[in-house]
Amino acid sequence: MDHTYTPEDLNAVIRQHSEWIAAQLHAQRESLFPPNATKSMRKFTSGEAAALLGVNDSYLRKLHLDGKGPSPELTAGNRRQYTAEDIQELRVLLEKTARKPGDYLPGRRLHPEEGAGYADHMQIIGVMNFKGGSGKTTTSAHLAQRLALKGYRVLAIDLDPQASLTALHGVQPEFDLKDGGTLFDAIRYDDPAPISSVIRKTYIPNLDLIPGNLELMEFEHDTPRALAQGNAGLFFFRVKEALTQVDSDYDVVVIDCPPQLGFLTMSALSAATGVLVTIHPEMLDVMSMSQFLRMTADLMDVIAQSGADMSHDWMRYLLTRYEPSDAPQNRIVAFLRTMYGEKVLNAQMLKSTAVSDAGLTKQTLYEVERSAFTRSTYDRAVESLNAVNDEISQLIQETWGRK
């Protein structure tokens with residue numbers, strides 16, 4: 001029997017596989033979201049709307065009966081449903097009679113002196129980890145959406161060339177971004193575009209997106225060349241400088257960083273005012289994080305020696321995919337909390353099939369209907385996500401000198 005093997009061209013196989021999966025994903029998206037359809041945010045029950053606004057459901061009912069604010073849609077069972085736009089409209093209405101400024105619109109305050117801009121600085125949160133599977137993109141997407149639903153003006157930036165955050169928001173990188181349209185356009189060395197040209201509105205009020213795709217890798221290739229020619233300038237300031245162009249348009253920027261320590265990550269770190277490091281509490285992940293932190297510190301030393309200010313408002317670790325019934329995980333969590341103290345967020349993101357099930361249809365847990373899941377599974381997962389995101393919101397408020 002002849003066992004001779006014919007060698008295969010690795011790059012041809014990989015290219016063919018990439019084209020197959022891209023075509024399948026495109027077909028799947030066409031069936032979920034036909035070409036003329038756009039993603040939309042689901043409607044919220046009156047209870048959910050009241051919880052987002054921080055008021056009682058009965059108060060919302062009274063506003064509706066008094067003819068104040070938007071008219072909710074009434075379901076067959078006479079239940080009120082609100083769109084995300086309705087909730088934002090209610091925020092603006094409620095803020096006018098709020099006990100203290102910021103109760104319903106929590107974003108940056110204008111400086112008391114006219115024309116002096118904002119009294120609070122824009123928060124730029126870099127979500128990072130060196131190892132895949134730590135829930136980095138899931139964290140970024142849910143954080144950006146929750147802050148937007150809570151009334152902050154948010155810009156989400158996908159700096160990861162794998163572009164999962166982009167896909168979650170209904171943009172398919174290989175089909176929708178054929179002529180650029182990522183942050184690379186605004187930070188490239190030759191003839192950078194204005195950052196406003198790559199910002200897209202999403203289907204959630206208050207949330208804009210700068211998508212990502214493989215083109216972002218160009219920055220990793222171009223920077224050494226520019227450095228060698230002596231015209232990279234302070235390359236690590238490029239993200240920061242691009243963001244200054246839209247400083248007055250947003251309260252918070254959430255950056256989903258690449259899962260490796262390259263020039264993109266360093267530039268995002270230099271722009272960040274807050275850093276969130278996701279950790280999956282498994283021994284191998286903690287070991288790789290130790291290496292990641294050491295390398296990050298070494299690189300930041302180099303950047304600091306070039307004159308950059310590396311001070312941040314805050315840095316926190318977020319425990320992700322946490323299983324409370326897993327004894328080894330609990331030991332690692334206790335170890336991390338003992339070592340890092342308050343640098344570890346109190347809230348942790350639970351491992352949940354609800355999050356991965358939602359991901360199958362390229363949705364976050366905030367976008368899917370509760371009825372699609374076992375109630376207890378959905379409620380547990382959402383509670384855990386809200387606790388994490390609201391703790392980060394609290395950090396933002398404290399940074400601005402508010403409790």
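**View 1. An aromatic pair bridges two parts of the chain.** Rings of Phe, Tyr and Trp (for Trp, its six-membered ring) pair if their centres lie within 6.5 Å; planes under 30 degrees apart count as stacked, over 60 as edge-to-face and the rest as tilted. By this rule there are seven aromatic pairs. One of them joins Tyr 189 and Phe 219, and this pair is stacked, with 5.6 Å from centre to centre and 10° between the planes. The pair links distant parts of the chain, 30 residues apart: Tyr 189 sits in the loop between helix H8 (184–187) and E6, while Phe 219 belongs to helix H9 (residues 217–228). Helices (H or I, at least four residues) and strands (E, at least two) are DSSP runs, numbered from the N terminus.

A word on the model before we go on. This is a predicted model, in which local features need pLDDT of at least 70 and side-chain atom pairs count only at pLDDT 80 or more, while totals for chains, interfaces and linings use all residues. Residues are numbered from 1 along each chain as its sequence is written, and side-chain values use heavy atoms, with hydrogens and water left out.

**View 2. Seven strands build an open, mixed sheet.** Follow the strands across and you will read the order E6-E7-E5-E8-E4-E9-E10, with mixed pairing. Strand E6 (200–201) and strand E10 (314–319) stand at the edges with a single partner strand each, so one side of each has no neighbour in the sheet. Two strands pair if DSSP finds at least two bridges between them. Strand E9 (residues 274–279) and E10 run parallel and are joined by six bridges. Look here for Val 275, which stands opposite Met 315 in E10.

**View 3. Two helices lie across the seven-stranded sheet.** H5 lies across strand E4 (123–128), strand E5 (154–158), strand E7 (207–210), strand E8 (252–256), E9 and E10, and runs at about 165° to E8. Helix H12 (residues 283–305) lies across E4, E9 and E10, at about 150° to E9. Contact here means heavy atoms within 4.5 Å; axes are lines fitted to C-alpha atoms, for helices over the stretch in contact, and angles run from 0 to 180 degrees between N-to-C directions.

**View 4. Three strands make an open antiparallel sheet.** Here the order is E1-E3-E2, and the pairing is antiparallel. Strand E1 (44–45) and strand E2 (73–74) are the edge strands, each pairing on one side only. Two bridges connect E1 with strand E3 (residues 80–82) in the antiparallel sense. Thr 45 has Gln 81 in E3 as its bridge partner.

View 5. On a 1 Å grid over the protein atoms alone, a pocket is an open set of points with protein on both sides within 12 Å along at least five of seven lines, a cavity is a set where a 1.4 Å probe fits but cannot get out, and lining residues have an atom within 4 Å of a point. Grid points are joined across faces, edges and corners, and a volume is the space filled by probe spheres set on the points. The largest pocket holds about 1,100 Å³ of space. It has 43 lining residues, and Thr 137, Gln 162, Ala 163, Ser 164 and Ala 167 lie nearest its centre. Helix H14 gives the largest share of this lining, five residues. By class, the lining has 14 nonpolar, 19 polar and ten charged residues; Ala, Val, Leu, Ile, Met, Phe, Trp, Tyr, Cys and Pro count as nonpolar, Asp, Glu, Lys and Arg as charged, and the others, Gly among them, as polar.

View 6. Of its 21 lining residues, Arg 42, Thr 45, Glu 48, Arg 370 and Tyr 378 are the closest to its centre. The largest share of the lining, six residues, comes from H15.

**View 7. The largest cavity takes its largest share of lining from H4.** This cavity has a volume of about 50 Å³. Four lining residues come from H4.
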